[in-house]
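Subject: Structure handover

Hello,

Please find the structure below, with notes on what turned up in it.

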Amino acid sequence: MRSIKVLMLIEDLFDDKEALYPYYRMKEEGYEVTTIGPVAGKEYQGKYGITLKADLSAKEVELNDVSALIIPGGYAPDKMRKNKDMVDVVRKIYQQGGVVAAICHGPWMLVEADAIKDKKVTGASSISTDLKNAGGSFVDCEVVISGNIITSRGPDDLPVFCKSIIGLISQKVQNN
């Protein structure tokens with residue numbers, strides 16, 4: 001059986017819980033998790049002081065055989081969406097049919113990647129207008145799955161968010 005590859009985008013001021021919980025949950029499933037930042041090898045600091053080192057830069061990451069991408073929230077997505085290479089990673093994985101999972105402010109990256117139009121989505125209530133303006137249909141619930149996109153509102157929704165990611169990856173692996 002081939003290795004399941006999962007990428008996680010990171011940048012300064014990511015939400016510590018929204019990065020660490022899915023990171024370790026995916027590792028628990030036996031998935032190969034790679035952190036992607038603007039600069040490879042740089043340590044990025046979360047809102048509450050946890051640091052994560054980027055394994056690769058967004059510019060150098062190979063997107064072949066990637067099963068999923070996770071975009072944590074916090075203030076990081078506001079920084080990430082200004083980085084063309086980070087946005088390109090989201091766009092390409094979405095276009096390839098990989099699972100793209102974004103939580104809290106993470107869906108901002110889906111807006112930048114033009115992946116929201118005609119999708120049901122959720123996220124932090126403070127970005128609901130942005131999601132609607134990008135053509136999405138905003139729903140206030142713990143998790144929304146729309147095609148290959150999974151969105152969630154925030155840290156309290158992490159258990160169902162992670163279960164949904166694992167479930168959709170499993171479904172896609174069985175269908176391939």
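C104 is buried, at a relative accessible area of 12%; buried stands for under 20% relative accessible area, exposed for over 50% and partly exposed for what lies in between, with a 1.4 Å probe and protein chains only. This is a predicted model, in which local features need pLDDT of at least 70 and side-chain atom pairs count only at pLDDT 80 or more, while totals for chains, interfaces and linings use all residues. Residues are numbered from 1 along each chain as its sequence is written, and side-chain values use heavy atoms, with hydrogens and water left out.

Cysteines

A search of the whole structure gives 0 disulfides, a disulfide being a pair of cysteine sulfur atoms within 2.5 Å. C104 is in none, and the nearest cysteine sulfur to it, that of C162, is 14 Å away. C141 is partly exposed, with a relative accessible area of 25%.

The sheet

Helices and strands here are DSSP runs, numbered from the N terminus: helices are H or I with at least four residues, and strands are E with at least two. Two strands pair if DSSP finds at least two bridges between them. On that basis there is an open sheet of 7 strands with mixed pairing, in the order β5-β2-β1-β6-β7-β11-β10. Its edge strands are β5 (56–57) and β10, each of which pairs on one side only.

β10 (residues 143–146) and β11 (residues 149–152) run antiparallel and are joined by 4 bridges. I145 has I150 in β11 as its bridge partner. The hairpin that these two strands make has 2 residues between the strands, and G147 in this hairpin takes a positive phi near 65°.

D15

D15 is in the loop between β1 (5–9) and α1 (16–28). This residue is buried, with a relative accessible area of 4%. Its side chain makes polar contacts, meaning pairs of N or O atoms within 3.5 Å; within protein, one atom must be able to donate a hydrogen and the other to accept it, and residues adjacent in sequence count only if both atoms are side-chain atoms. The side chain of D15 reaches the backbone nitrogen of K17 at 3.0 Å, and a polar atom of that side chain also lies 3.0 Å from the backbone nitrogen of E18. Not counting residues up to four places away in sequence, D15 touches K47, Y48, G73, G74 and P155, where contact means heavy atoms within 4.5 Å.

Salt bridges

The whole structure holds 8 salt bridges, each a side-chain nitrogen of Lys or Arg within 4 Å of a carboxyl oxygen of Asp or Glu. One of them joins the side chains of D88 and K84, at 2.6 Å from N to O. Both residues lie in helix α3 (residues 84–95), 4 residues apart, which is about one turn of the helix. D88 counts as buried at 14% relative accessibility, whereas K84 is exposed at 60%.

R153 forms a salt bridge with D140, their closest N and O atoms being 3.2 Å apart. R153 is in the loop between β11 and α6 (158–175) and D140 in the loop between β9 (137–138) and β10, so the pair ties together parts that are 13 residues apart in sequence. R153 is partly exposed at 29% relative accessibility, and D140 is exposed at 58%. The side chain of R153 also meets that of D157 in a salt bridge, at 2.9 Å from N to O. D157 is buried, with a relative accessible area of 6%.

Elsewhere, R25, E28 and E29 are linked in a network of salt bridges.

K119

K119 is found in the loop between α4 (107–112) and β8 (120–121). Leaving aside neighbours within four places in sequence, K119 is in contact with Y94, G135, G136, S137, S146 and I149.

Regards
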